[in-house]
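Keep the structure in view while reading.

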Amino acid sequence: ALSGTVLYEKNADEILYPASITKIMTVYLALTHGSADQLLAASASAIDSIDRQSSHIWLDYDEQLTLQDACYAAMMASANDASNVLAEAIGGSQQQFADMMNQAAAEAGTRSTHFANAHGLPDPDHYTTAYDMAMITRMALENEAFREVFGAVTYEMAPTNKQPEVRYFASGNEMLKKGE
């Protein structure tokens, strides 16, 4: 983690579709460029541009949530709608955020990564390698706020202007759940 030296690799440069691992970069950039208490609003484009059969937390049009809540939703619930809300708030648009993701990936030392979106849903221009994801994760783990979200076992999202109930998120990471 400190030196970036690879101790073992297998197919490290095989180009693959990153799926929800994309959210490591999304949450990292949101926490790097935003403020945890920053209030975000879910736009129609953030909600309607994802397949509602994909992972999401059922954000409603103009629903307001904090950047922190959106980060936990993206990381723990793999919420594609929350990822888009983060992208629009931080990048100005989903495309501009994808450009930020690609710039940050280059800064992390990636060799074969291209991001096309903030959520990881399929796109022919959305790909990475195991090596590159290790470099991206290494960069993200240098951010204390990211480490807190990334290592959380549970999280309670406060009610919003559109959702009167608390939303509960739990990590699916077996290593975290067992406290190791």
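The model holds 3 aromatic pairs. It is a predicted model. A pair of aromatic rings is described by the distance of the centres and the angle of the planes. Two of the pairs are listed here with those values.

| Pair | Centre to centre | Angle between planes | Class |
|---|---|---|---|
| Phe146 and Phe150 | 5.1 Å | 25° | stacked |
| Tyr155 and Phe169 | 6.3 Å | 10° | stacked |

**Phe146 and Phe150**

Take the pair in helix α7, which spans residues 144-150. Phe146 and Phe150 stand 4 residues apart there, so about one helical turn separates them. Their planes meet at 25°, and planes under 30 degrees apart count as stacked, so this pair is stacked. Are the two partners buried or exposed? Phe146 has 0% relative accessibility, so Phe146 counts as buried. Phe150 has a relative accessible area of 31% and is partly exposed.

**Tyr155 and Phe169**

This pair is also stacked, with 10° between the planes. Tyr155 sits in strand β3 (residues 154-157). Phe169 sits in strand β4 (residues 167-170). The pair therefore ties together parts that are 14 residues apart in sequence. Both Tyr155 and Phe169 are buried. Which residues make up the aromatic cluster? Tyr72, Tyr155 and Phe169 form one cluster.

**Helices α3 and α4**

Two packed helices are described by the angle between their axes and the distance between the axes. Helix α3 covers residues 67-76, and helix α4 covers residues 80-91. Their axes lie 8 Å apart, at an angle of about 135°. That angle makes α3 oblique to α4. The crossing is left-handed.

Which residues meet at this packing? From α3 come Leu67, Ala70, Cys71, Ala73 and Ala74. From α4 come Ala82, Ser83, Leu86 and Ile90. By class, the contact has 8 nonpolar residues, 1 polar residue and no charged residues.

**Ala87**

Ala87 belongs to helix α4. Its relative accessibility is 1%, and buried means under 20%, so Ala87 counts as buried. What does Ala87 touch beyond residues up to four places away in sequence? The partners are Gly92, Ser93, Gln94, Phe97 and Ala118. Ala87 and Asn117 are 30 residues apart in sequence. In space, their C-alpha atoms are 8.5 Å apart.

Definitions and conventions. Residues are numbered from 1 along each chain as its sequence is written. This is a predicted model: local features need pLDDT of at least 70, side-chain atom pairs count only at pLDDT 80 or more; totals for chains, interfaces and linings use all residues. Side-chain values use heavy atoms; hydrogens and water are left out. Axes are lines fitted to C-alpha atoms, for helices over the stretch in contact, and angles run from 0 to 180 degrees between N-to-C directions. Helices (H or I, at least four residues) and strands (E, at least two) are DSSP runs, numbered from the N terminus. Angles under 35 degrees count as roughly parallel, over 145 as roughly antiparallel, 65 to 115 as roughly perpendicular and the rest as oblique. A crossing is left-handed if the near helix is turned anticlockwise from the far one by less than a right angle, and right-handed if clockwise. Contact means heavy atoms within 4.5 Å. Ala, Val, Leu, Ile, Met, Phe, Trp, Tyr, Cys and Pro count as nonpolar, Asp, Glu, Lys and Arg as charged, and the others, Gly among them, as polar. Rings of Phe, Tyr and Trp (its six-membered ring) pair if their centres lie within 6.5 Å; planes under 30 degrees apart count as stacked, over 60 as edge-to-face and the rest as tilted. Buried means under 20% relative accessible area, exposed over 50%, partly exposed in between (1.4 Å probe, protein chains only).
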